[in-house]
Amino acid sequence: MTPDPATRRSGDRTDAYEEFLGLFSRSQSRVQAYIRSLVPDAAHADDVFQATSLVLWRSFATFDTSKDFLPWALGVARHQVLMFWRTKRRDRHVFSEALIATLADDALGRAAMATDRQRALDACVEGLPPRQRELIRMFYGENQSADTIAASWDRTVHAVYKALKVMRKSLLECVERRLATEGLVPE
Amino acid sequence: MHDQNMPNDDQPNDDQYRDAHERLLSLTADFLHGTLGPAETAELESLLVTDPIARQAFLDASLLHAQLAATPVALGYEPIPEGHESSPSPVAARFQLAESGSEPDTMQSRRHGRKNNAALAAGLLLAAACLTLILTESAVPRRAVPDRLAVPAVAPTELNELHYDNRQLPITTVAVLHDDGSQADAADTPATADRTITPSTLESTATGMRLTSSDGADVQLEGSSRFGFASGDSGALYSGSVRARVKDPSKTFSVVTSNLRVVDLGTEFRVSQLDAARVAVTVLDGDVEVQSRVRLPVCYWPFDDRDKSRRGTDHRGMDQRVTTDAMQSMPTALGDALQRCDGIVGQGAVRFDNSAGSFARVQGGTSEKVGLGTLSAAEGISIEALIISRWSAAFLDYDEIYRKEDGNCRVLLCFQNDGMVNARYSEPNVAPGPCLSFGLHLAGRDYKELDMPLDGRAGRPAVADLTDGRPHHVVATFDSFTGRKAIFIDGTLRFEHAYPEGTLIVSGGPEPAFIGSMTGRENFHGVIDELALYDFALTADEIAEHHTRARRGETYFGPRPTRPDSARWQAITRITEGQTRIFNSRTGLAAE
């Protein structure tokens, strides 16, 4: 039976916890990005991330610390993502299981680029006009809904969605340009 | 979209490729917004299944969407418009554990804006509110659902193991905002028609704002004003001036200003916030009644009916012991493992053994929608209890004191130690470790927890201080009129965070409240007594007084309140047509 780190003796448990925390904190943002790119709903992604975190902690005793933590964590996250979508299979608007599995595999291969893409995105956001930065703060930072922003800005919800769509498209192009300049993606 | 298997003579030209790429990005954006219909879902799936380049573009767009939440702009690490950003404020208080007699320490300023991994992670998971209906929702565009995602109000069946039910439950509609051009700015997009409003704080410009409450009152914000529309029959004035007219004689509308309430009696009236302490009430037609707040709890469980413990029936038809709260006579089922014991104050208390059967489940105070019900609070809240804690403080061990889990509009007060797993909820950011957590959903800000580190530093108690086998007085408060969210231990302020004034709580709903548990999990270990819930923020002086009384073995309030029909407000005076009176909004006394 797999030993549960939580059931170890007090001193061992503290050591394991600190070791886990150190490894986990270094990989956490990429695991979260991986999950969010496959589970776009924020609340659902929270759930999947929490479940992943718990499985990682409970399985930590089986992890070979001489190996890289991130691929192991991403493997657990992949499994949790697939489990999540499996529970949604009854909904007619869910992608097929085969497609979700393919996307999950494709996303694994792209996780290594997450840090570079985040850095490029940060720089691109810096160059946005104040109104678009305000939109990012409200929509992504404060998690305000498009309805709330529409009311606040006296716009239609459609206009807010469109503004988000246009902004993300220009940011995507900006990120690609920056990465290409750095030789990180083919032009 | 490009198909690698396509013969060369059928290869799409550049224009076709661009069009296909645009279409893919458009579908992906709708997917991320949750506005993709079934036909478009099938179209997108078709593109993704057949084309690896399309999948790459899809994942890049999705990743960018996820990573936007982790940018410095989203995380608030850059200057933003005044009045929008919360700021942690140092608490100049002294740490003095009443029971242990520890030497006081001076509190230190909190560091703000740490760019640690926890914060980045927190930001990442705060990403995009647009992603809601997506695959699991119908094709109904989200704009049809005001502010909130409509998810069936059924009991959670797929809670994750860390027990956060993140559903967004249906929320009550409080008003219709009329767009008559009065608040239009230099928009490059046409203004919208009337819009429904859920509980939120509205800020009008110099031209004002006009609304109709869901109960039919005409409400006008005059000039630059800030008004918290908390329900269909009332709202809170934070600044400026509001004018209300009630057409239906069977309805009322009231305006709350801190400790004062103005209730129409079939009339038209105006309330103006003159300064931080004074309000002017003018009656334009008919009469109004001015009332002051009854500063007693909404619900209060003294657990003193120890010898009168009786049998009752819970929601599953099972026999269980029952106690009642002293204010509303609300029945509260006691779990099988919950034991009656000697009171910290009074005759009785309840002892929790950390097992699944040790809980107290409040029966009542719920409502069909978030924003309603006896156990909802909007303008302020206090949770007060006497506890003897035996919390282990182990990683992922949670001990609940009080929790009402209405999706992400939950209210909780509990001990936590979950490292960075739930760091995204913390506001302000704190270092991982054991903490006492006070969670609320704040309008426009989502669900946030004030996680007071139990580290024995800067005036905060350590875990050992609160698990020393002695009783401790614990109070958590939030006041929309000051924006302050705070935790008091043994009569003294220990930790707080400041939000913008006028930030409303969004709470209440269909889920039952639990004392010492979260729907039968995360059970408390120790004794809870004298648990009280208020729909306003107790002041520091009141809390100190309650603590002093509790140490003397008395109830918080002196004589035990036994007011099953207790009103939340008491009349001060009546004002008639043509009169203007000025009041102190905190004391309720005339201030002319």
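Predicted model: local features only at pLDDT ≥ 70, side-chain atom pairs only at ≥ 80, totals over all residues.

Student: What covers the buried residues of helix 7 of chain A?

Tutor: Helix 7 of chain A spans residues 146-153, and six of its eight residues are buried. Among them are A:Ala146, A:Ile149 and A:Ala151. The cover includes helix 6 and helix 8 of chain A, together with strand 1 and strand 2 of chain B.

Student: Which residue in the turn between strand 16 and strand 17 of chain B has a positive phi?

Tutor: Strand 16 (residues 339-342) and strand 17 (residues 348-353) of chain B pair in the antiparallel sense over four bridges, and B:Gln339 stands opposite B:Arg351. The two strands form a hairpin with five residues between them. In that turn, the residue with a positive phi, of about 80°, is B:Gly346.

Student: Is B:Asp490 buried or exposed?

Tutor: B:Asp490 lies in the loop between strand 25 and strand 26 of chain B. Its phi is positive, about 50°, although it is not a glycine. A residue with 20 or more other C-beta atoms within 10 Å counts as buried. B:Asp490 has 26 such neighbours inside 10 Å, and therefore it is buried.

Student: What is the omega of the peptide bond from B:Glu427 to B:Pro428?

Tutor: Most peptide bonds are trans. B:Pro428 is found in the loop between strand 21 and strand 22 of chain B. The bond from B:Glu427 to B:Pro428 is cis, with omega near 5°.

Definitions and conventions:
Residues numbered from 1 in each chain as written. Chains lettered and ligands numbered in written order. Pairing = 2+ DSSP bridges. Buried ≥ 20, exposed ≤ 12 C-beta atoms within 10 Å, placed from the backbone. Contact = placed C-beta atoms within 7 Å.
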